[in-house]
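Got your viewer open and a selection tool handy? Follow along stop by stop, and we'll look at what turns up at each one.

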Amino acid sequence: MFTGIIEEVGEVADITEQTNALRLTIAASTVLGDAQLGDSIAVNGVCLTVAERDDNTFTADVMQETLNRSSLGTVTVGSKVNLERAAQVGSRLDGHIVQGHVDGTAEVISRTADEHWEIVRFTLPADLARYVVEKGSISIDGTSLTVSALGDDWFEVSLIPVTLTDSVVGLRQPGDIVNVEVDVVAKYIEKMLPR
């Protein structure tokens, strides 16, 4: 489990293509501080398992299911990625519950800048629309954000200065594809309600 509070922006150092899979090697510093083999690190909101590591990088396997549901198949060497270690029991939950299980992708439609913040509008995939509510939580590339406005086929988030500078969401431009994870609580409530 993650909180959606990005610890650092890393960089894709190497990609090894495999049959129906990829091996991603990511340069990082903060998330490597106590990382062990088998630990979970969210990469752009996708929960990946550390398969190898050294002092400056970690390597993780990305299976076809993850490539189908996320934007990780589009990263290239040099791509900047959001990184977060799994939450620790007993620590603050500053964002919201983020599983690292991406529900789909969305496209950046527009960015509207103000002096101190920016509004970013995204497409809203039809199959995820029922889980997205105004003032509700949503994870974009692993970043815990609040939905500030909502339409039938779009949603917006307002980015504060720290999000603009300390996450890859601040780098995304119209046409870019992002990973989306909706609030897991909404999915469980839907499952429990009688049809």
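This is a predicted model: local features need pLDDT of at least 70, side-chain atom pairs count only at pLDDT 80 or more; totals for chains, interfaces and linings use all residues.

Now show E4 and E5 together. These two strands pair in the antiparallel sense, over three bridges. Strand E4 covers 46–53 and strand E5 covers 57–63. As background, strands of a sheet pair through backbone hydrogen bonds, either parallel or antiparallel.

Widen the view to take in E1 through E6. Six strands close into a barrel here, and going around it the order is E1-E2-E5-E4-E3-E6, with antiparallel pairing. From one strand to the next, the twist averages 45 degrees.

Next, pick Val43, Phe58, Leu72 and Leu83. In the largest nonpolar core, which has 22 residues, these four touch the most other members. Strands E2, E3, E4, E5 and E6 each supply at least two residues of this core.

Leaving out residues up to four places away in sequence, Phe58 touches a whole list of others, among them Leu24, Ile26, Val31, Leu32, Ile41, Val43, Val50 and Leu83. Glu52, where we began, is also one of the residues that Phe58 touches.

Hop over to Leu32, which sits in the loop between E2 and E3. Is Leu32 buried or exposed? Leu32 is buried, with a relative accessible area of 3%. Beyond its neighbours within four places in sequence, Leu32 is in contact with Arg53, Asp54, Asp55, Asn56, Thr57 and Phe58.

Select E7 through E12 now. Here is a closed barrel of six strands, running E7-E8-E11-E10-E9-E12 with antiparallel pairing. The strand-to-strand twist averages 45 degrees.

Zoom in on E9 (residues 137–140) and E10 (residues 143–150), which pair in the antiparallel sense over four bridges. Ser137 stands opposite Thr146 in E10, and Ser139 has Ser144 as its bridge partner. The two strands form a hairpin with two residues between them, and Asp141 in the turn has a positive phi of about 50 degrees.

Colour E10 by burial and you'll find the strand mostly covered, with six of its eight residues buried. Follow E10 onward and another hairpin joins this strand to E11 through three residues. E10 and E11 pair in the antiparallel sense over three bridges, and Leu150 stands opposite Phe155 in E11.

**Last stop: the rings**

Which two residues form an aromatic pair? Select Phe122 and Phe155: their rings are stacked, 5.2 Å centre to centre, with 20 degrees between the planes. Phe122 lies in strand E8 and Phe155 in strand E11, so the pair ties together parts that are 33 residues apart in sequence. Phe122 is buried, with a relative accessible area of 0%, and Phe155 is buried too, with a value of 0%.

Finish with Arg121 and Trp154. The charged end of Arg121 sits over the Trp154 ring, 3.5 Å from the ring's centre.

Conventions: Residues are numbered from 1 along each chain as its sequence is written. Side-chain values use heavy atoms; hydrogens and water are left out. A nonpolar core is a set of buried Ala, Val, Leu, Ile, Met, Phe, Trp, Tyr and Cys residues joined through side-chain atoms within 4.5 Å. Buried means under 20% relative accessible area, exposed over 50%, partly exposed in between (1.4 Å probe, protein chains only). Contact means heavy atoms within 4.5 Å. Rings of Phe, Tyr and Trp (its six-membered ring) pair if their centres lie within 6.5 Å; planes under 30 degrees apart count as stacked, over 60 as edge-to-face and the rest as tilted. A charge sits over a ring if NZ of Lys or CZ of Arg is within 6 Å of the ring centre and within 35 degrees of the ring normal. Two strands pair if DSSP finds at least two bridges between them. Axes are lines fitted to C-alpha atoms, for helices over the stretch in contact, and angles run from 0 to 180 degrees between N-to-C directions.
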